Every structure is written in C-alpha cells, then in structure tokens.
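Have a look at the structure first, then read on.

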Amino acid sequence: MKLDKSKPLLLVLFGILFCGLYYGTVNAKPNDTPQSFEELFTEVGYKSVADALDDFEHHFNQELKLPTRVPPISFTHYFGRFSNLDGEINDTLEVKFISDQLPDNHFKIDVRPIQHKITFEKYKSKIYKLKNGTNAKYIDDLKVGFNLLVFERDNWQYMFSIDADVSDKVTPEILVQIANSIDF
C-alpha cells in the first residue's frame, strides 16, 4: 500500500521538474538585437565607396575613374572594399551595390592592375566595342550565377558582375552603357 501513496508524490515532483525546465530563465539582455546589414558588411572590411577608393588610389598612387551610372534596378546599399592581401597580385577595389529587400539586385565592380588581370579566355564571350575604342567581353556561361563584362582602360582591368537572375533587366548593352559612363 505504501507504493500506491508514493505515485502521486512522484507525479507532483515530475510536474514541478517539468514546469521548472519549461519555464526556465532566459539570460538575454534587453538591448540584444540582430546586427544590421551595415554592421555585417563592416565586419568583413567594407566601408564607404569613397573611403575604399581613397585607400586604393593611395596604395597605387594613381587616380581611378569609376562609372557614373549603375544598373536600372533598385539598390538599398552600396559599399566599397580595398583588398591588399599578398602584394599587388590580388590587390583589388570592390564596389558592391546590393538590396536587402531584393537579393537578386546585386551588382559588383572589381578593379585590379592590368598586369595582374584575370583571363577569361576559356569562356565563351561576346565582344562589345566601348566608345573609347577598347573591347569589352561579356561572359554569361560561368555557371556561378553571375554574368560579367570585362574590359581594360588606363592600366586597370574592370569587371562588372551582375546577378544572372536580373539579366533580363540588366542586359549586356546596359553594362556597356555603364562602362561608357566612366568617360563622362
């Protein structure tokens, strides 16, 4: 008979234990909030385009011209980053235009010294003539989700990349117009 009386006591103890685990204390500060979009990019080295451009020009002791136009899609943010990793081989200015509301709206400009250019000879490309007489290669078979317009001017290699999902809105001809806006 003693065994029957201990069952309700065990049920009460398990109930208290369960409630204690279920309604446990949460250790959070009232001002804990997720990082902003800007904070996330700043953590990985991005800053204002003007500041990144200054770093790049100062490093190479040469002026760099950027386009005055961007693709005709909406962007919420733009950032710049100068990467100086291992000498001049991978020194690059990266300008990124993105949207935190439309992830496909992603346009990037990479600029590097022409002596350390990346070759795209193995990819099928279409050639466009820029208004300054140089050729630009449009590459859309990279299989990485981005299409490229690659060209050279003033001892720099420029690479424009656009998300392939917006290539119906940002055509090669629009990228050529953007490249031509460097001369404006």
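1. Let's begin inside. The largest nonpolar core has 32 residues, and the members that touch the most others are L149, F151, F160 and L175. At least two residues of this core come from each of α3, β2, β3, β5 (135-139), β6 (146-153), β7 and α4 (172-180). Keep in mind that this is a predicted model.

2. What does F151 touch, leaving aside its neighbours within four places in sequence? Its contacts are L130, N135, A136, W156, Q157, Y158, F160, A179 and I182. There is also another core, apart from the largest one, with six residues, including I139, L142, L148 and V150.

3. Now the overall layout. The chain has four helices and seven strands, and along the sequence they come in the pattern α-α-α-β-β-β-β-β-β-β-α.

4. The seven strands form an open sheet with antiparallel pairing, in the order β1-β2-β3-β7-β6-β5-β4. Which strands stand at the edges? They are β1 (77-83) and β4 (125-129); each has a single partner strand, so one side of each has no neighbour in the sheet. On average, neighbouring strands are turned by 15° against each other, direction ignored.

5. β1 pairs with β2 (residues 92-98) in the antiparallel sense, over seven bridges. If you want a spot to check by eye, H77 stands opposite I98 in β2. Helix α3 (residues 49-60) packs on the sheet, where it touches β1, β2, β3 (106-113) and β7 (156-163). The direction of α3 makes about 20° with that of β1.

6. Then there is α4. Why call this helix largely enclosed by the rest of the structure? Because seven of its nine residues are buried. The buried ones are P172, I174, L175, V176, I178, A179 and N180, and they pack against β3, β4, β5, β6 and β7.

7. Finally, some whole-chain figures. Of the 184 residues in the chain, 36% are buried. The chain exposes about 11,900 Å², with carbon and sulfur atoms supplying 56% of that area. If you take contacts between residues at least 6 apart in sequence, 54% of them join residues at least 24 apart.

Notes: Residues are numbered from 1 along each chain as its sequence is written. This is a predicted model: local features need pLDDT of at least 70, side-chain atom pairs count only at pLDDT 80 or more; totals for chains, interfaces and linings use all residues. Side-chain values use heavy atoms; hydrogens and water are left out. Two strands pair if DSSP finds at least two bridges between them. Axes are lines fitted to C-alpha atoms, for helices over the stretch in contact, and angles run from 0 to 180 degrees between N-to-C directions. Contact means heavy atoms within 4.5 Å. A nonpolar core is a set of buried Ala, Val, Leu, Ile, Met, Phe, Trp, Tyr and Cys residues joined through side-chain atoms within 4.5 Å. Buried means under 20% relative accessible area, exposed over 50%, partly exposed in between (1.4 Å probe, protein chains only). Accessible areas come from the Shrake-Rupley method with a 1.4 Å probe; for residues, only the protein chains shown count as cover.
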